[in-house]
Amino acid sequence: MKRVLFSCFALFGLLLASTSAMAHGGGGIEADKCVVNIGNYRMHFTAYQPQTIGGEELCWDLPTAGNSILVFDLVERVLRDRPVEVRVVEEQETASGPSNYKTIVERPVQRYPKGTIELEAAFANPGEYTAVVTLGGDQPLVFKAPIRVALQGEQTVQWIGAIAFAAVVIGLMVWFARRGKKEASA
């Protein structure tokens, strides 16, 4: 009985620890959720909102609107010699549906020999945005990645799962305790 309860609590603790610890996917860059792939090339994305949540590293879901620092890392060295343009755009809705894009922030074309591109963006409204990183050259590459600002995301699902798991564990504990009392009285 004690072993079962200890195992349940240990699993519950691991589940809770994984909600923020796995923000970047865990298990190396291949499993990292903050990486965008185009063919054999990769770009890593990290966002920070120091005014609201401190130095916590974020991925594609930003918890609040407001000032953010966006960092794009060109993983492969071959990409660092190419000219790069970065834009973050917001899709604007019209009566007939989505039509055009409003640029929130952009960095003109230049080379980044260290492979790190840092932008400050002010997300005025909650919503869905797109980061567009265009690498020039003979064969241009375009990385497009969604950025969700102040929208419920994956963490909400993880917390719901953790709460459901906790309810099951507590239910099992009550059931085992009652069963133990019935067996002791019989």
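Phe45, Trp60 and Phe72 form one aromatic cluster in this predicted model, where local features need pLDDT of at least 70, side-chain atom pairs count only at pLDDT 80 or more, and totals for chains, interfaces and linings use all residues. Residues are numbered from 1 along each chain as its sequence is written, and side-chain values use heavy atoms, with hydrogens and water left out.

A pair of aromatic rings is described by the distance of the centres and the angle of the planes. Rings of Phe, Tyr and Trp (its six-membered ring) pair if their centres lie within 6.5 Å; planes under 30 degrees apart count as stacked, over 60 as edge-to-face and the rest as tilted. By this rule there are three aromatic pairs. The ring centres of Phe45 and Trp60 are 4.3 Å apart and the planes stand at 10°, so this pair is stacked. It links distant parts of the chain, 15 residues apart: Phe45 lies in strand 2, and Trp60 in the loop between helix 2 and strand 3 (61–62). Helices (H or I, at least four residues) and strands (E, at least two) are DSSP runs, numbered from the N terminus. Both Phe45 and Trp60 are buried, where buried means under 20% relative accessible area, exposed over 50%, and partly exposed in between (1.4 Å probe, protein chains only).

Phe123 and Tyr129 form an edge-to-face aromatic pair, with 4.7 Å from centre to centre and 65° between the planes. Phe123 counts as buried because its relative accessibility is 1%. Tyr129 counts as buried because its relative accessibility is 2%.

Four strands form an open sheet in the order 1-2-4-7, with antiparallel pairing; two strands pair if DSSP finds at least two bridges between them. Strand 1 (35–38) and strand 7 (116–123) are the edge strands, each pairing on one side only. Strand 4 (residues 66–74) and strand 7 run antiparallel and are joined by eight bridges. Gly66 stands opposite Phe123 in strand 7.

Gln49 is located in the loop between strand 2 (41–48) and helix 2 (50–53). Gln49 counts as buried because its relative accessibility is 0%. Apart from neighbours within four places in sequence, Gln49 is in contact (heavy atoms within 4.5 Å) with Gly54, Leu58, Leu62, Pro63, Thr64, Asn67 and Ser68.

Tyr101 belongs to strand 6 (residues 97–111). Residues up to four places away in sequence not counted, Tyr101 touches Val89, Glu90 and Glu91. The C-alpha atoms of Tyr101 and Glu91 are separated by 4.5 Å, although these residues are ten apart along the chain.
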